[in-house]
Amino acid sequence: MAYSDKVIDHYSNPRNVGTLDKSKKNVGTGLVGAPECGDVMRLQIEVDENNIITDAKFKTFGCGSAIASSSLATEWLKGKSIDDAITIDNMDIVEELALPPVKIHCSVLAEDAIKSAINDYRVKNGLPALELEKSHH
Amino acid sequence: MLTTPIYLDNNATTPMDPRVLEAMLPYFTQKFGNAASRNHPFGWVAEEAVDYAREQVAKLIGASEKEIIFTSGATESDNLAIKGVYEMYKDKGNHIITLTTEHKAVLDTCKHLEKLGAQVTYLEVESDGLVDLQKLEAAMTPQTILVSVMYGNNEIGVIQPIKEISAIAHKHGALFFSDATQAVGKIPVNVNEDGIDLMAFTGHKMYGPKGVGALYVRRKNPRVKVTSQMDGGGHERGMRSGTLNVPGIVGFGKACELCQLEMEQDAKRLSALRDKLENSLLELEESYVNGNKANRLPHTTNISFKYVEGEGLMMAMKDMAVSSGSACTSASLEPSYVLKNLGLSDDLAHSSIRFGLGRFTTEEEVDFAIENTKKAVNHLRELSPLWEMFKEGIDLDSIEWAEH
């Protein structure tokens, strides 16, 4: 099947590829997926004192849709508060990238990565970890 | 001049040779008769064309023309051979031996027969993709009626020791069937020298048309029979009814004739190009060839590029058609069962790319493929968290991954 233009755009020009210093207190890191399953995402956020995400970076091992989903996620995260960011739903990503049903798991993984990064930040900064609903897969 | 996209997926299908098309064309319009029409010239002309094609096909594999049953392709031939032998000989025994790395058309046919009372042994292959002959011999029982082993593997190109396998089958009184879809027309295949009793192959993997294939069924020493799976007018010596696809058969015949004439040259040229491609790509760190390199089809290589995922990689290999053992290329999300059966870990199976060269592949295209693939692998490794961890010396096995 052919990829949507938006997937191709994010895949060809991925936004915010890179690594933040995970030892810093204001950096949250989420590493989700497994090499055996064919996709691993690492998503990182840098948060200021007002709980606003000032920077986001990713690296992804996976198919085009997985790379595009994480690239899009970093774009959406920047400028959001961590409370707003936690509400990003995988179906928003599906819709934006026009992912076919067989690729929905890529968006789920991106949502998991966001939540896991936010929780890492919260725990590091003395906030309680949020209870996350068990992801859909 | 290089025209893109370039096609390096010749194990999936080959383009038709223009000389084949030319041979076929009259049989769509002027010479359209039914080869089974015995009472007028339209039928005679069609029958003559089919007879000639049958000779061309038989000659390529060292058979007699009476031993060729035309079918719709290799999947049908696999079904007819395995189901047909089981039905015909099940009073003699109900045991079939095959390999875990066979094509789905063989594996799923065997699974179907298991429901009907067959006992099937699916033998594991060694890590290079080859069958261990001692394990094969150990699996033979007095109930074994059929051994089914493919000639050359579609994903990794590994060629099985066919002569030795058929000798073992015969020693224990079983028939030997080979799915030779990827091998016929690419390397010399001779049913008598190889001791093959039944063999499936198809037109569209050897520069012929799609929708036409053949089952070779031995007529002497021993005389083999299969129960037909398609009943009707009793065509093809009663083993496969249905009006013959005359233009397709004519094209298949022509394709076989061309392969016979040009196979040796093609194989020499393609194995040199394949080796150039493979050696250049192995210059990339952490890349590995899958399957035995010595016993291999001349036009195929299958390489895993560790820490990048196959489908993502194919997307980056712009303007190139290849194939991957990655899960993401199939609906099942399971990586290639062939690669897994070599003992490859799932992550290496996910990282594999199959390159299949063909008669029309040029050196310029191979050079393009080398450069393009290297660029893509390097690009995706820049994006890969696993590559970064590997470079930092982190043992990926030490991480507790959230399997999903």
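**Close-up views of a predicted two-chain model**

View 1. Strand β1 of chain A pairs with strand β2 (residues 39-47) of chain A in the antiparallel sense, over 8 bridges. Strands (E, at least two residues) and helices (H or I, at least four residues) are DSSP runs numbered from the N terminus, and two strands pair if DSSP finds at least two bridges between them. The structure is a predicted model, in which local features need pLDDT of at least 70 and side-chain atom pairs count only at pLDDT 80 or more, while totals for chains, interfaces and linings use all residues. Residues are numbered from 1 along each chain as its sequence is written, and chains are lettered from A and ligands numbered from 1 in the order in which they are written. Within the pair, A:V27 stands opposite A:E46 of β2(A). The hairpin formed by β1(A) and β2(A) has 4 residues between the strands, and A:G38 in its turn has a positive phi of about 85 degrees. Of the 8 residues of β1(A) (residues 27-34), 7 are buried, so this strand is largely enclosed by the rest of the structure. A residue is buried if 20 or more other C-beta atoms lie within 10 Å of its own, exposed if 12 or fewer, and partly exposed in between, with C-beta atoms placed from the backbone.

View 2. Three strands of chain A form an open sheet in the order β1-β2-β3, with antiparallel pairing. Strands β1 and β3 (53-61) of chain A stand at the edges with a single partner strand each, so one side of each is left without a neighbour in the sheet. Neighbouring strands of this sheet are turned by 10 degrees against each other on average, direction ignored. The pairing of β2(A) with β3(A) is antiparallel over 8 bridges, and A:V47 stands opposite A:I53 in β3(A). Helix α2 (residues 64-77) of chain A lies across β2 and β3 of chain A and runs at about 175 degrees to β3(A). Axes are lines fitted to C-alpha atoms, for helices over the stretch in contact, and angles run from 0 to 180 degrees between N-to-C directions. Two residues are in contact if their C-beta atoms, placed from the backbone, lie within 7 Å.

**View 3. The buried face of helix α4 in chain A.** In helix α4 (residues 90-97) of chain A, the buried residues are A:N90, A:I93, A:V94 and A:L97. Seen down the axis of α4(A), these residues fall within an arc of 100 degrees, so they line one face of the helix; the arc is that of the directions from the helix axis to the C-beta atoms. An α-helix has 3.6 residues a turn, so residues three or four places apart point the same way. The cover over the buried residues of α4(A) includes α1 (5-12), α2 and α5 (104-124) of chain A. Just after α4(A), A:A98 takes a positive phi of about 55 degrees.

**View 4. The two domains of chain B.** The domain assignment of chain B gives domain 1 (6-11 + 263-395) and domain 2 (18-259); such bounds come from an automatic or database domain assignment. Taken over C-alpha atoms, the centres of the two domains of chain B are separated by 30 Å. In chain B, 22 residues of domain 1 are in contact with 23 residues of domain 2. On the side of domain 1 of chain B that touches domain 2 of chain B, the largest share, 3 residues, comes from α10(B).

**View 5. The surroundings of B:C259.** B:C259 is placed in helix α8 (residues 246-281) of chain B. This cysteine, B:C259, counts as buried because 21 C-beta neighbours lie inside 10 Å. Residues up to four places away in sequence not counted, B:C259 touches B:L60, B:G185 and B:M206.

**View 6. Backbone details in chain B.** The peptide bond from B:T4 to B:P5 is cis, with omega near 0 degrees, and B:P5 lies in the segment before β1 (6-7) of chain B. A cis peptide bond also joins B:N221 and B:P222, with omega of about -5 degrees. B:P222 is found in the loop between β8 (213-217) and α8 of chain B.
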